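Colleague: I would like to learn how to read a model of this kind feature by feature. Could you take me through it, with the general idea before each case?

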Amino acid sequence: MSNTFDWVEIRTGNIEKTAKFYEKLFGWRIIQKETAEDSDVWIFDTGGKPRVENLRRGGIWLRPDSEPLGVVVYIFVDDIKATLKKVTELGGKIVTSKTPQGPAFRACFKDIDGNLFGLWEEKLEG
């Protein structure tokens with residue numbers, strides 16, 4: 001299946017500290033430790049079932065000049081406010097607080113290495 005999203009890579013200067021951050025924040029588990037290009041690569045498993053329709057889609061969003069450009073990976077959560085509280089407790093920084101977007105909510109944070117991520121909260125039917 002060519003031309004589809006395949007991998008999320010979180011780059012860090014301290015692999016152990018970053019792995020602990022995401023384990024405590026989302027419960028992600030390290031399931032494999034490898035080496036690539038003479039660097040450690042730890043493979044994590046989110047433990048959840050992905051929303052397949054959103055793995056096939058993405059968005060190109062025009063942003064104002066005052067905002068940095070780049071790619072934002074969104075993580076589906078049950079409670080953005082609780083997640084943002086954990087982000088700050090673990091040393092991350094809130095970039096955008098919980099903001100309505102249509103029938104859902106979004107927020108953004110930077111992890112302990114300054115990587116930008118989005119959070120998405122939506123009540124799904126079924």
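Colleague: How many helices and strands are there in the protein?

Modeller: Before counting, please note that this is a predicted model, in which local features need pLDDT of at least 70 and side-chain atom pairs count only at pLDDT 80 or more, while totals for chains, interfaces and linings use all residues. Residues are numbered from 1 along each chain as its sequence is written, and side-chain values use heavy atoms, with hydrogens and water left out. Helices (H or I, at least four residues) and strands (E, at least two) are DSSP runs, numbered from the N terminus. Here the protein has 3 helices and 6 strands, and read from the N terminus their order is α-β-β-α-β-α-β-β-β. The radius of gyration is 15 Å, close to the 14 Å that the globule rule gives for 126 residues, so the protein is as compact as a globular protein of that length. That radius is taken over C-alpha atoms, and the rule is 2.2 Å times the number of residues to the power 0.38. Along the principal axes, the C-alpha atoms fill a box of roughly 45 × 40 × 35 Å.

Colleague: What percentage of the 126 residues is buried?

Modeller: Burial is a matter of cut-offs: buried means under 20% relative accessible area, exposed means over 50%, and partly exposed lies in between (1.4 Å probe, protein chains only). By that reading, buried residues make up 23% of the 126 residues. The exposed surface comes to about 9700 Å², of which carbon and sulfur atoms supply 51%, the areas being computed by the Shrake-Rupley method with a 1.4 Å probe, where for residues only the protein chains shown count as cover.

Colleague: Which residues touch the most other members of the largest nonpolar core?

Modeller: In soluble globular proteins, nonpolar side chains tend to be buried together. A nonpolar core is a set of buried Ala, Val, Leu, Ile, Met, Phe, Trp, Tyr and Cys residues joined through side-chain atoms within 4.5 Å. The largest one in this model has 15 residues, and those touching the most other members are Y22, F26, I75, F109 and L119. Two or more residues each come from α1 (15-26), α3 (80-89), β5 (104-110) and β6 (116-121), with α1 giving the largest share, 4 residues.

Colleague: What is F26 in contact with, once its neighbours within four places in sequence are left aside?

Modeller: Contact means heavy atoms within 4.5 Å. With those neighbours left aside, F26 is in contact with I75, V77, T83, F109 and L119. Residues up to four places away not being counted, T83 touches L25, F26, V77 and L119. K81 also lies in helix α3, yet K81 counts as exposed, at 61% relative accessibility.

Colleague: How far apart in space are D113 and R11?

Modeller: D113 and R11 are 102 residues apart in sequence and 8.1 Å apart in space, C-alpha to C-alpha, whereas K81 and R11, 70 residues apart in sequence, are 25 Å apart in space by C-alpha atoms. D113 is found in the loop between β5 and β6, is partly exposed with a relative accessible area of 34%, and, leaving aside neighbours within four places in sequence, is in contact with R11, T12, G13 and T18. For the protein as a whole, among contacts between residues at least 6 apart in sequence, 50% join residues at least 24 apart.
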